[in-house]
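Thanks for coming, everyone. I'll go through one structure, piece by piece. Please have it open on your screens.

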Amino acid sequence: MGSRTELEKIVGPAALVERPVRDLWPLGIMDERAGTAAPKVLVVRPTGRDQVAAILRWAAGNDVAVSPMGGASGVCGALSPAAGEIAMDMSAFDRIFEIDETNLICRCEAGVNGYALEQKLNEKGLTLGHYPSSLPGTTVGGLISTRSSGQESSRYGSIEDMVIGLAVVLPDGTFAAPRPGPRSAAGPALHQLFLGAEGGLGVVLGVVLRVHRLPEETIGRGYAFPELRAGLECMRAVMQSGIRPLVIRLYDAEDSIFNGYDVDDGECVLVVATAGLREVAEAEAGEVKKMSAGAKGMGDAPWARWQRHRFDLSAERLKTLLEPAGAYLDTIELAAPWTVLPELHSKVKAAIGGDGMALCHFSHAYEQGCCAYFSFAGSGDTEADARAKYVRAWEGAMSTALELGATISHHHGVGQARARWVADEMGGWMRVWKGVKEGLDPNGTMNPHAMGGSR
Ligand SMILES: Cc1cc2nc3c(=O)[nH]c(=O)nc-3n(C[C@H](O)[C@H](O)[C@H](O)COP(=O)(O)OP(=O)(O)OC[C@H]3O[C@@H](n4cnc5c(N)ncnc54)[C@H](O)[C@@H]3O)c2cc1C
């Protein structure tokens, strides 16, 4: 293949392989199970900035699309190069350059594994505070490019709150380095455009991250609420009191039982952990207890249980659950103001439940509202039946979100999964996205499966 020879000249033959590349989009896994195999594509593994630039220049000149690839743990089909396209494996960019313990800044490359980075920080008494359930399978570049959010976001924020600066290679092979921090008003924070761009604007090479000292104390408790609204009201009260809990998660009645919490039928479990200086964490735990009046105290067992199982839904588990013919399952994470959440909960559950299972928990809380995280699963008599039920669930959830003014994605992103709906949410901002995309990437070289497809 001509392209292979030319790419070999840039990276050397050992840095090229041919294989199928897919992320963990459940519909992609289901289609593969039903017989539509992912095509083999060239996977190129650059080892330096100049190689990345040369690959992008070559790709633009030859009209070949390039998808940057991190851990391939995305769940929206953003990483799914088609035949003739190439994937750029970023795993060689795995250096942590600096952990600055005075200024609480970390500089690292985009291919660094998310969990490995957190462990290195922990060794120094620090944390990024970014814990997507998939953390062991992620890279920093992927976490940035999907605009991800982790289990401790109510205290530390999501990835956009952690990124101070970015180093990127633009589609024409030019380079943009991180600007000075900790903040700048010298124009808009343009690096933020790359957060959630799903590799559609260029290749993230490196990042400057804001890190934190590990809390001296963490106190976790569980409360069983007799019904969902009371639990949501408690969450709102906690977040609006100024307390920033390390973790705050409310499971609806079905999800409480599914997760093995010791509750009676209909009860909804709130798991909440306060953290910080010992006396502050204790005082805040006491305040949370007061705000949970009306709920049954469950002690620290739910917190211990949650910690044990926080990474249970792995890539392997997901694939195993989707192995049986006709099985379908997925998760849909929406976000809305507090006043909208009860209606969003009941309507989306009705839309995704079908004759299968529908669960919901609330996490990633803000003063203004919260993420509602739905899981659904079921089976069809045939592959076509399963696909139809799965697509119906997505259509129901997305149209309900748009109708109620909720966001169609809190943290998984767009990819192909939300292609049909992203313009409905973005409205006039879609023009801004397209302007940036066409301006930076006039040949449409960068990931054509990002943001619902833009090639
Ligand atoms: C079991 C499970 C649980 C999950 N839980 C969470 C969760 O709690 N919170 C959450 O936010 N997400 C979660 N996810 C989704 C997923 O882990 C995230 O989307 C993650 O951020 C993807 O990182 P990655 O390195 O695997 O990226 P990939 O899947 O490799 O890529 C994702 C996108 O980013 C682009 N990209 C990757 N690297 C770069 C780069 N260097 N430069 C430019 N573009 C790049 C790709 O082209 C692609 O469009 C979960 C996934 C699974 C399977």
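First, a term. A residue is buried if 20 or more other C-beta atoms lie within 10 Å of its own, exposed if 12 or fewer, and partly exposed in between; C-beta atoms are placed from the backbone. By that count R147 is buried, because 21 other C-beta atoms lie within 10 Å.

Some ground rules. This is a predicted model: local features need pLDDT of at least 70, side-chain atom pairs count only at pLDDT 80 or more, and totals for chains, interfaces and linings use all residues. Residues are numbered from 1 along each chain as its sequence is written. Helices (H or I, at least four residues) and strands (E, at least two) are DSSP runs, numbered from the N terminus.

Back to R147. This residue sits in the loop between α5 (140-145) and α6 (153-156). Its phi is positive, about 55°, although R147 is not a glycine. Now take D63. Phi there is near 55°, again a positive value in a residue other than glycine. D63 belongs to the loop between α3 and β3 (66-69). Is D63 buried or exposed? Exposed, because D63 has 10 other C-beta atoms within 10 Å.

Two prolines next. G181 and P182 are joined by a cis peptide bond, with omega about 0°. P182 is in the loop between β9 and β10. P46 lies in the loop between β2 (40-44) and α3 (49-62). P46 counts as buried because 24 C-beta neighbours fall inside 10 Å. What does P46 touch? Contact here means that two C-beta atoms, placed from the backbone, lie within 7 Å. Leaving aside neighbours within four places in sequence, P46 is in contact with V11, Q51, V52, I55, M88 and A92. For scale, P46 and A372 are 326 residues apart in sequence and 39 Å apart in space, C-alpha to C-alpha.

On to the strands. Two strands pair if DSSP finds at least two bridges between them. Look at β14 (residues 268-276). 9 of its 9 residues are buried, so β14 is largely enclosed by the rest of the structure. Both faces are covered. On one side are C268, L270, V272, T274 and G276; on the other, V269, V271, A273 and A275. In a regular strand, side chains alternate between the two faces of the sheet. β14 has antiparallel pairing with β12 (residues 217-225) over 9 bridges. There, F225 has C268 as its bridge partner. β13 (residues 247-251) also pairs with β14 in the antiparallel sense, over 4 bridges. R249 stands opposite V271 in that case.

There is also an open sheet of 5 strands, in the order β5-β6-β10-β8-β9, with antiparallel pairing. Which strands are at the edges? They are β5 (96-100) and β9 (175-176), each pairing on one side only. β8 (residues 163-169) runs antiparallel to β9, with 2 bridges joining them. V169 has F175 as its bridge partner in β9.

Helices lie across this sheet. Axes are lines fitted to C-alpha atoms, for helices over the stretch in contact, and angles run from 0 to 180 degrees between N-to-C directions. α3 lies across β8, β9 and β10 (203-210), at about 60° to β8. α4 (residues 114-123) lies across β5 and β6 (105-109), at about 35° to β5.

Now α8 (residues 228-240). It has 13 residues and reaches 18 Å from first C-alpha to last. That is close to the 18 Å expected at 1.5 Å a residue, taking 1.5 Å times one less than the number of residues. Its buried residues include L228, L232 and R236. G242 follows α8, with a positive phi near 100°.

Last, helix packing. Angles under 35 degrees count as roughly parallel, over 145 as roughly antiparallel, 65 to 115 as roughly perpendicular and the rest as oblique. The axes of α8 and α13 come within 10 Å and cross at roughly 140°. The two are therefore oblique to each other. L228, R229 and L232 of α8 make the contact with L341, P342 and H345 of α13.

α13 (residues 341-353) also packs against α14 (residues 383-404), at about 160° with axes 8 Å apart. That makes the pair roughly antiparallel. The contact residues include E343 and L344 of α13, and A393 and G396 of α14.

That's the tour. Over to you.
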